[in-house]
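Please read it with the structure open.

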Amino acid sequence: MSFADLGLSPELVRAVAEKGYAAPTPIQAKAIPAVLSGRDVLAGAQTGTGKTAAFVLPILHKLGRPGSQRAPRALVLTPTRELAAQIADNARTYGKYVRLRTVVAFGGVGIHPQINALRDGCDLLVACPGRLLDLAEQGAADLREIRHFVLDEADRMLDMGFIHAIKRVFKLLPPVRQNLMFSATYSDDIRELAGRFLREPVTVEVAMRNATADRVEQQVFRVPKEHKRYLLAHLINEGNWHQVLVFTRTKHGANRLTQQLEAAGIPAGAIHGNKSQGARVRALADFKACKIVALVATEVAARGLDIKELPYVVNYELPNVPEDYVHRIGRTARAGSTGRAVSLVSPDESSLLRDIERLLRRSLPVAPLPQFAVSAPVAANTPARTQAPHRSTSSDVREPRPVHASRPGAVRPVQHNGRHAPGHGKREGQQQSRHPHERRGAQERHGSHGKPGAFASRGKRRAGAETSPRFRSGKIA
Ligand code: AMP
């Protein structure tokens, strides 16, 4: 089947051909004819399936030529700025031969350019709810001409607490219109929302309910919390990963991990809600251009990011909401390529893993831990320049005692469960009596961040612990 077979105009078919799309994806093959028929549509498809084109192409087709009115005739409501920007970019690319005007509106940037763009005329408006309501209140966005309305990533909208904003937007729309709703997952709340505004919708679904992309190779490493960053550095360095999206649970955690990766010589950037729009756009552009290796993101900021053929996604921390796991790993293995999703699971996250497995209705394979070096926290007055190869197994689920150095430069082997091998200097007993956070604090006060070691830069690492004969042999002496 081709795009032309779906009944799209030659201008649109030409634009998607130039974009490199050889054939419609399954969601496009199902949704495009349904939207063209004028029916309301309820679509179950996650990001990565080609869902954007599934609603943008038929809407552009139905809009036809640029309208004589200045007010928009189609509205796409989407939860995040990044997603809004991507949808608008795609709409401009798909619509380049039909000269339809697409305007994008989201918060975090000046409102006046958006007011001016709307004033100049708009056919398709892509917006986040908050800014759209601001624009409407100021009289800059007139939604009375809307004929096609899309609620994109509806499940995320609800998670992000946009329900009241959505209801306010509904009130600004004309009663007669076509409604489309896209959601990766279906909760009862989503069903209720669908029932509220869709009229006898055609239901199209390409993935099983809450199913994860089949092509994503998923893997779990059971690892103590304080060893996660060393394992991540090891995976990036040893696997020669050049582009990895790393999820943390908090903005603070994203910043901290970014600094730790940077300090280790792994180029990294953070993307989360506290970053300015400029910083977010820059980090994303650097990541897409492979100027940085790791993009550390919180759930919300990363929502809907379209990064072509993203090879690796790491759940540095598991999400609290199991459905978010589906969204996160949806960043990889997109549009036909394969990808790998790695989850670093500490003992306190076991119940979150169980929830995810329950949702997926299968267990995720636990990979044996590779040998990797961890930096040893040291006493406050001791330069922290030590590291120890960590040896652990997939059954390593208990919180370990932290790794200690009995003297600067010492390399301390760690046994399963993070325990030290017996017979290695008693002096560390003094350090063990200190609280691990104190030691970490002391180390950070000295600004070492555990350099060098597995967490050291690629170049530095080559000259570090792992290049010692005992480590290279893969054995712990
Ligand atoms: P989406 O699910 O809309 O975020 O799309 C995921 C990725 O698939 C984007 O990079 C699109 O450009 C790409 N894509 C969408 N439709 C097709 C297609 N028919 N063939 C190849 N790639 C596509």
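**Notes on the predicted model**

1. Start with helix H10. Its buried residues are Arg229, Tyr230, Leu231, Leu232, Ala233, His234, Leu235, Ile236 and Asn237. A residue is buried if 20 or more other C-beta atoms lie within 10 Å of its own, exposed if 12 or fewer, and partly exposed in between, with C-beta atoms placed from the backbone. Helices (H or I, at least four residues) and strands (E, at least two) are DSSP runs, numbered from the N terminus. H10 covers residues 228-238, and nine of its 11 residues are buried, so the helix is largely enclosed by the rest of the structure.

2. Ground rules. This is a predicted model, in which local features need pLDDT of at least 70, side-chain atom pairs count only at pLDDT 80 or more, and totals for chains, interfaces and linings use all residues. Residues are numbered from 1 along each chain as its sequence is written.

3. Confidence. pLDDT is the predictor's confidence in each residue, from 0 to 100. The protein has a mean pLDDT of 77, and 73% of its residues reach 70 or more. Over residues 377-477 pLDDT stays under 50. The model has 185 contacts beyond four places in sequence for that stretch. Two residues are in contact if their C-beta atoms, placed from the backbone, lie within 7 Å.

4. Two positive phi values. Asn240 follows H10. It sits in the loop between H10 and strand E9 (244-248). Asn240 is not a glycine, yet its phi is positive, about 55 degrees. It has 8 C-beta neighbours inside 10 Å and so counts as exposed. Arg99 is not a glycine either, and has a positive phi of about 55 degrees. Its place is the loop between helix H4 (81-94) and E3. With 10 C-beta neighbours inside 10 Å, Arg99 counts as exposed. For context, most residues other than glycine have a negative phi.

5. The core. Which residues touch the most other members of the largest nonpolar core? They are Ala43 and Ala294, in a core of 117 residues. A nonpolar core is a set of buried Ala, Val, Leu, Ile, Met, Phe, Trp, Tyr and Cys residues joined through C-beta atoms within 7 Å. Helix H3 (residues 51-63) gives the most to this core, eight residues. Domain 1 (4-205) and domain 2 (216-376) both contribute residues, so the core lies between them. The domain bounds come from an automatic or database domain assignment. Leaving aside neighbours within four places in sequence, Ala294 is in contact with Ile236, Val244, Val246, Leu261, Ile266 and Ala268. Ile236 is one of the buried residues of H10.

6. The sheet. Seven strands form an open sheet in the order E3-E4-E2-E5-E6-E1-E7, with parallel pairing. Strands E3 (102-105) and E7 (202-205) stand at the edges with a single partner strand each, so one side of each lacks a neighbour in the sheet. Two strands pair if DSSP finds at least two bridges between them. E3 and strand E4 (residues 124-127) pair in the parallel sense over four bridges. Val103 stands opposite Leu125 in E4.

7. A buried lysine. Lys30 lies in helix H2 (residues 26-36). It has 20 C-beta neighbours inside 10 Å and so counts as buried. Not counting residues up to four places away in sequence, Lys30 touches Val204 and Val206. Lys30 and Val204 are 174 residues apart in sequence, but 6.4 Å apart in space, C-alpha to C-alpha.
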